[in-house]
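Here are my notes on this one, for when you have the model open.

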Amino acid sequence: MTCPVPSHHGHITVCAEPPRRDTIRPVPRQGAHGGGASRVVLSDWTSVMWRAEATVQDVNADGRFAPSPTGTLHLGNLRTALLAWLFARSRDARFLVRMEDLDTGRVRRRFEEEQLHDLASLGIDWDGDVVRQSERIELYEAALERLDRQGLIYECWCTRREIREAASAPHEDRPEGAYPGTCLRLTAAARAERRASDRPPALRVRADAAHVTFGDRVCGPQEGVVDDFVVRRNDGAFAYNLAVVVDDADQRIGEVVRGADLLDSTPRQLWLGERLGLPAPAHAHVPLILGDDGERLAKRHGAVTLAERLALGETADDARAALAASVGLCHSDERPTAAELVERFHPRALAVAA
């Protein structure tokens, strides 16, 4: 297993407290594992802080899976979901499902329904109702206002091409490809000229190339430099890095389990959470499933969705067993139930993952 490791040395250390140590019907669980997730959409940032601070001293293993309902989940997504579920359930913790549906142009309700059905078919259950980011805009607005009051927000009018060209130039204090802060250094006249144009700005945070180090339960010690990343796009949509930090704190997520492809976004999120006064969750970035060509699993690799595997004559039990076998939780000829996987799960199994 290979996990990308940023090469920058850090001076800000975020220390998250270490976490504690038959097919289930396709409906969310109610009342078990900590009582379920709240349905309340909070507009008062004080309320968000209260919820977060109430658990900061607790050892918290609550987890989540947060797909984007913009397409069908493939087996790699489903293995990540299964592992996130096992991390939480093996320690009798809550497991939540959150739909990251802020990309309204690509989101389809049928994909959400399909994704939930696939999770349930594999025996992955969840606590409380499914939460949707599109219903939580007030929370993100409150977080953005809090950042703005700290003087950490600035407008950016750069096009993708301008960003690409600027990022390709060497910058000693920022990682390769990072935004170099072009619009931060605009003169007052240049800024006024851009504001008078028809091009709406994105909003970025001023991170000043902060160094962040953290520990990952799968990939080990990590460090990275934080660039001035976007928190609200120029179309008005809130960016992933802001929404996920606010959501995880509001939902009291204690350990974020997700694919290793998101590892390099973690320094940004930890830095942002610290600016917002939120407790840092623990992290476990799990390996991705690769195709025969060594690349990330994709449609070109053949039957890569649960529906496609079922069409070939496999069962959901077969699919779950194959995913479990790929991380050493069972032998290829076994068909363990979801409950049996919970009993035998340990993060050490991920060391043998492909």
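1. Let's start at Leu272. Leaving out neighbours within four places in sequence, Leu272 is in contact (heavy atoms within 4.5 Å) with Leu147, Val205, Phe229, Asn241, Leu242 and Val245.

2. Before going on, the ground rules. This is a predicted model, so to speak of local features takes pLDDT of at least 70, and side-chain atom pairs count only at pLDDT 80 or more, while totals for chains, interfaces and linings use all residues. Numbering runs from 1 along each chain as its sequence is written, and side-chain values use heavy atoms, with hydrogens and water left out.

3. On confidence: mean pLDDT (the predictor's confidence in each residue, from 0 to 100) is 82 for the protein, with 75% of residues at 70 or more. Watch residues 1-58, where pLDDT stays under 50; the model has 134 contacts beyond four places in sequence for them.

4. Leu272 also turns up in the largest nonpolar core, which has 69 residues; Phe95, Leu119, Leu242, Trp271, Leu272 and Leu276 touch the most other members. A core here is a set of buried Ala, Val, Leu, Ile, Met, Phe, Trp, Tyr and Cys residues joined through side-chain atoms within 4.5 Å. Buried means under 20% relative accessible area, exposed over 50%, and partly exposed in between (1.4 Å probe, protein chains only). Helix α2 (residues 75-89) gives the most to this core, ten residues. Helices (H or I, at least four residues) and strands (E, at least two) are DSSP runs, numbered from the N terminus.

5. A second, separate core has eight residues, including Trp157, Cys158, Cys183 and Leu186. Is Cys183 buried or exposed? Cys183 is buried at 2% relative accessible area, and Cys158 is buried at 18%. The whole structure has zero disulfides.

6. In helix α10 (residues 316-325), Ala316, Ala319, Arg320, Ala321, Leu323 and Ala324 are buried. The buried residues of α10 pack against α2, α3 (109-121), α9 (306-311) and α11 (338-344).

7. Finally, have a look at His285 in strand β11 (residues 282-286). His285 is buried, with a relative accessible area of 0%. Its side chain makes polar contacts with the side chains of Arg258 at 3.0 Å and Thr266 at 3.1 Å. A polar contact is a pair of N or O atoms within 3.5 Å; within protein, one must be able to donate a hydrogen and the other to accept it, and residues adjacent in sequence count only if both atoms are side-chain atoms.

Technical notes: Disulfide = S-S within 2.5 Å.
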